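Dear colleague,

Please find below the structure that I am handing over to you.

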Amino acid sequence: MTISLTVNGNAHEVELEGNETLLDVLRALGYKSVKYGCGEGACGACTVIIDGKAVNSCLIPAPTADGLSIITVEDLGDVQKLSVLQQAFIDAGAVQCGFCTPGMILSSKALLDRTPRPTEDEIKDALDGNLCRCTGYVQIIEAVQLAAERLQNQTA
Amino acid sequence: MHICKIKHVHSVATTADARRLLLARPGQTGILAGGTSTIFSHKKELDTLVDLRPLQLNQIKTEEGGLCIGSMTCLTDLVFADTVKDYADGILSRAAHRTGTTLNRNLCTLGGLLVHPYIWPETATAALALNAEFHIYRGTEEQVDAATFYEQAPAKSLPCGDIVTDISFPSQPASRRFAFEKYASTHNEFAWLTLAVGATLESGILHEVVIVAGAATPLPRRLTEAEACLEGQTLTQPLILETAARAAETMQVGRDIRCSEQYKRDLCAGMLRGILEETFSTPTTGK
């Protein structure tokens, strides 16, 4: 079967075997920021944004992704021009091995898009599905707070 | 993980169309709501999905003081909706919030979890305590209360072709209080035990007591002998201890690799004692 989907504004048509997940499809299309971690919705390394909500792409059967519009971290910025969130993660020292970082950033983006001034509890809640084995989370929470502050200053 | 090889996804315009497709190839055709149950399905023969998303079964409506929630409403929407937070001391919202992670809650639907309560029993526990009604399309609309629905495995309560369209939660009097608790070793872990308690408190007397345990057995179960201890009584510390002991003693407990049966019984006693002391020992303030 063939599905059509939009990733970061780019339209794709994909031929499927039928037993792939959205994660498999995104990686095959070259969106390598979307990581395979646990494959069962526990670690958040495969996080993408669909309809404004951060979701586990490993839990979405690819045949059901027809017509979806998906955002991965590649959409936020690149090495030449990082987004406010990406820069905040660097400045706060919230990155170590980097494997979880795309998922962390997308969960943070979904939170800040909905709640521009989140409390610490709201940040913890939004990131509760993203596991990090390196940093201990403190700097990640600080990075989201820093990004929220900078985004507020931009709009002020 | 085994993932079904899906060959066809049919988008439907009506529940009647969905039912027709499900009945055309029983066993090989499944329902697509949030999608997670498809990923975890062990049905190797499943090759066709009926996509219910166009039916827009994701509305949260207030109805005669209660709620009517579309079966495809994702849990995150239950967590944030003021109408759900304000209903029945917020136990449905709280149960939804204690289910999985934010990423899971953004995908999982209320209907999906009530029909498959085995991994995440939180909302099913609350639904049974709230006397929810399942609106099921079987060629015609039928309503089945949660107690009847959970008498047997949902696969038996829902023969092929049946579709849960909405779940209604009845109006609750102001004198009725509810509490929900979950125990797990971390915030997001699968529940070791969930408890939902409801009771009407009038002039210090408890009536219509409902105590539901989830995660002790595959389906949520009422602890009727513990309920009987409280019925028509004024809550006292000895009564709380007696009720907690009765609940622990009579609760059915299935095998759980994470803890012994006795541990789960002790957990039940401790959690119920806490709920009764915190929620039902103070004067009613109304809603």
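Chain B is divided into domain 1 (8-54), domain 2 (60-169) and domain 3 (176-279), with bounds that come from an automatic or database domain assignment. Please note that this is a predicted model, in which local features need pLDDT of at least 70 and side-chain atom pairs count only at pLDDT 80 or more, while totals for chains, interfaces and linings use all residues. Residues are numbered from 1 along each chain as its sequence is written, and chains are lettered from A and ligands numbered from 1 in the order in which they are written.

**Domains of chain B**

Taken over C-alpha atoms, the centres of domain 2 of chain B and domain 3 of chain B are separated by 21 Å. Between these domains, 20 residues of domain 2 of chain B are in contact with 20 residues of domain 3 of chain B; two residues are in contact if their C-beta atoms, placed from the backbone, lie within 7 Å. On the side of domain 2 of chain B that touches domain 3 of chain B, helix H5 (91-97) and helix H8 (122-129) of chain B each supply at least two residues. Helices (H or I, at least four residues) and strands (E, at least two) are DSSP runs, numbered from the N terminus. H8(B) gives the most to this side of domain 2 of chain B, with six residues. By class, this side of domain 2 of chain B has 13 nonpolar, three polar and four charged residues. Here Ala, Val, Leu, Ile, Met, Phe, Trp, Tyr, Cys and Pro count as nonpolar, Asp, Glu, Lys and Arg as charged, and the others, Gly among them, as polar.

**Domains of chain A**

Chain A is divided into domain 1 (2-74) and domain 2 (84-155), and the C-alpha centres of these domains of chain A lie 21 Å apart. The contact joins 14 residues of domain 1 of chain A to 13 residues of domain 2 of chain A. Strand S3 (47-50) and strand S4 (53-56) of chain A are the elements that give two or more residues to the side of domain 1 of chain A that touches domain 2 of chain A. S3(A) gives the most to that side, with three residues. The residues on that side of domain 1 of chain A divide into eight nonpolar, four polar and two charged.

Two packed helices are described by the angle between their axes and the distance between the axes. Axes are lines fitted to C-alpha atoms, for helices over the stretch in contact, and angles run from 0 to 180 degrees between N-to-C directions.

The axes of helix H2 (residues 84-91) of chain A and helix H3 (residues 101-114) of chain A come within 10 Å and cross at roughly 125°. That angle makes H2(A) oblique to H3(A); angles under 35 degrees count as roughly parallel, over 145 as roughly antiparallel, 65 to 115 as roughly perpendicular and the rest as oblique. In this pair, Leu85(A), Gln86(A) and Phe89(A) of H2(A) meet Thr101(A), Ile105(A), Ser108(A) and Lys109(A) of H3(A). The contact of H2(A) with H3(A) has three nonpolar, three polar and one charged residues.

For H3(A) and helix H5 (residues 138-155) of chain A, the axes come within 11 Å and cross at roughly 45°, which makes H3(A) oblique to H5(A). Met104(A), Ser108(A) and Leu112(A) in H3(A) meet Ile140(A), Val144(A), Ala147(A), Ala148(A) and Leu151(A) in H5(A). The contact of H3(A) with H5(A) comprises seven nonpolar, one polar and no charged residues.

The axes of H2(A) and H5(A) come within 8 Å and cross at roughly 135°, and these helices are therefore oblique to each other.

**Ala148(A)**

Ala148(A), which lies in helix H5 of chain A, counts as buried because 21 C-beta neighbours are inside 10 Å. A residue is buried if 20 or more other C-beta atoms lie within 10 Å of its own, exposed if 12 or fewer, and partly exposed in between, with C-beta atoms placed from the backbone. Ala148(A) and Ser108(A) are 40 residues apart in sequence and 9.5 Å apart in space, C-alpha to C-alpha.

**Contact between the chains**

The contact takes 24 residues from chain B and 25 residues from chain A. The chain B side divides into ten nonpolar, eleven polar and three charged residues.

With kind regards
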